Each structure stands twice: as C-alpha cells, then as structure tokens.
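Here are a few notes to read alongside the model. Have a look at it first, then go through the points below.

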Amino acid sequence: MRMRFVGVSAVLLTSSAWSTPVDDMRNGVDCTFALNESPYVISGSTTGSGTVPASPWTSLAKPAGSLNASVDIYALVPDLNLHATAFFTASASTSTTVKWTITAPGAIGQTVTFNYQGTDISVKISAITGELNLIAGSVSPEVDPTNSTVYRNVSLAPDTGANFLQVKGYLGGIVIFPVTFRIDPARYVGLAGNAPTTTISGKINLSDFVGDSTGRIATLTLTPSGGGSPETHYSILDAAGNYTLTTPLTGSVSLSAKVGHWLSGIYTVVQLGSSTTRDFTLENGDVDADDGVTVFDYLELSNAFDTNTGDGGYSDSADLDGDGSVTVFDYLILNSKFDTFGPIEQ
Ligand SMILES: [Ca+2]
Ligand SMILES: [Ca+2]
C-alpha cells in the first residue's frame, strides 16, 4: 500500500482584509447616495427658495480598489433632466474621514430648465461642483433601500463640511444662478454579505515524477508585500496537480507553493483584486521536506533504499519519482538537485 497524505482540507486565515472603514470602502464596488429633500437658494436678480423633491437612493459606479466613483447626473438629481457624467474624486484624510469633490465638465455649456414655483427657468450651466465630507463608522450590515438587499456597509455620517451639488449658470445671459442640492447621507454598499476576495488557481507541475499527485497537499503561502501576517492555505491536488485558493487579502503579495518532497516555488509579486492563474514547476529531491536538497536527504533515502510499496522500510517521500520503489533512479534525481534550496522563483 502506497502511503498517501490523508486528505484534510483546512484554510487558515491569519489576516483581516479590511482594517479600517476607509479600506473597507476602497475594496467595495459601489456607493449609494440619497439626495435629501432640501431647499435650494437662488441669488442674483431673483430671490426666493423652493424645494427639490427627495430622490431615491442612487448607486454610483465605483471601481473596486478605489474610492472614486462616477454617475450620470440624471440619476443623482433627476429634477435637472441633465445628462453628464459626475465624477466623485475621493481623498481620505484619516482612516475614517473621506472627502469627495464632484466635478462634471461635460455639463458645462448645457442648458437646464428648472420649474421654480410654477415658472420654468432656463439656465445655461457655467459651473457644476459638489462636495461630500463624510465620517465612516464601523462596519455593520444594513439594508439598501433601493433593493432591500442586506449589504456589508460602512455607515457614513456627515462631517462638518457641506454635502452638496451646486449648479451655477446664466439666466437671461448675465445672471449668476447658483442652485444647491444637498446630498446627505451617503451610504457605502459593499459586496453583499462578504468580503471581496481573489481566487488564485493553477497547476503545480511536480518534476521528475511518474506517480499520482491526487491527494497530495500543497501548502500555499501569501505574504503581503507591504508587511503583515502571512496567510497559509492548504490545497489538495488532483491528478493534474491543480490547486485553488481564495483570499480576502488585497494589494500585492508573494505566493509560494510547497508540496512534499519538492522544493518550494515562489512568485514574488502577485497583484490581488481579480481572479488570477499562477502555475508552478517544483523541483524534486527534498526527501525530508526542509526545503533544501542536502546530505540529510541522502541519509533518509539511504534508509529506505531498495524497498517497494508495501515494504516496512518503504518511504513515499524517498520514492522521488513515484514509481513505487526506492532505487538508484531516485538517487539520481536527488543528485541532480543537490545543494539546491527553495523557494525557487517561478
Ligand atoms: Ca531536505
Ligand atoms: Ca522510485
């Protein structure tokens, strides 16, 4: 009977993917904002105030890994009946404070018409700006009112700064006409219920091996490039040597793989954020699995020499080529890799 690793599946997660609300927000894919019912102010030759009906919650497209976002102004403020992309550019001054500035260069020069207290007023836009100043609170599940889905949210409270979208323009060709819409509160919508993850998969080629890789356990270690705790995964290989893992880590990491009596291999930089494939070719000869081919491996191979599968002294880890016998061919493999150490760059 050939010795095999017992198939035990285990994933050890040693590091959190999001350490601050801002990080959590950065990792998400959408933002949702509500436009509050709010007075707008008209200055210039016209004075007075009116009320813009409350808009439904509006989702902004946000690239994963970014705090920036964009949305058609029409979705943000339907009353304007204006189509132009509003860009939300964010900066985080602390781990919980985010400021977005809003610009919409495509809106400049367009004409919009407000119904102001029963009168239609046409305004040629000369400037459109906005700002959101927010304090991100702790992570908590919340219900998105637009679709009743429970999301992993960062609660956002207005900071001391103003939260607004302001349109300036010309009424009758000369009058500056600022109209301010208050945007408050904002809500971050993450991936539903789960942390963003990256799946890494690939094939581990076991060099100088004619045996069966099925059931062998690959130890895969992700180490954040910028420091932080390594994350170790164990993947049970199939007959083709395929492995897969899913990690909540973000940014760039190194990825190493070690299997039994093969030296470890490493990719020094793997950028996380989208599913990725990394194949390994691991060198044979590390009988004692200490990640180097040394005299100690010779000693272990010698102890098992001239045994076959089922013999008392047979050692699966000394049968380097996996043919069921520990022979001179296994010695030759060890000899060819003598004084070689992992991890070997892939
Ligand atoms: Ca060794
Ligand atoms: Ca052999």
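**Notes on the model**

1. G109 sits in the loop between strand 8 (97–103) and strand 9 (111–116); strands are DSSP E runs of at least two residues, helices H or I runs of at least four, numbered from the N terminus. G109 and K124 are 15 residues apart in sequence, yet their C-alphas are 5.9 Å apart.

2. Keep in mind that this is a predicted model: local features need pLDDT of at least 70, side-chain atom pairs count only at pLDDT 80 or more, and totals for chains, interfaces and linings use all residues. Residues are numbered from 1 along each chain as its sequence is written, while chains are lettered from A and ligands numbered from 1 in the order in which they are written.

3. In the largest nonpolar core, with 31 residues, I73 and A86 touch the most other members (such a core is a set of buried Ala, Val, Leu, Ile, Met, Phe, Trp, Tyr and Cys residues joined through C-beta atoms within 7 Å). Strand 10 (residues 119–144) gives this core its largest share, 5 residues. A second, separate core has 29 residues, including L245, L255, F280 and V293.

4. Helix 3 (residues 295–303) packs on helix 4 (residues 328–336) at about 175°, axes 11 Å apart (axes are lines fitted to C-alpha atoms over the stretch in contact, angles running from 0 to 180 degrees between N-to-C directions). The two helices are therefore roughly antiparallel, the term for angles over 145 degrees.

Conventions: Angles under 35 degrees count as roughly parallel, over 145 as roughly antiparallel, 65 to 115 as roughly perpendicular and the rest as oblique. A residue is buried if 20 or more other C-beta atoms lie within 10 Å of its own, exposed if 12 or fewer, and partly exposed in between; C-beta atoms are placed from the backbone.
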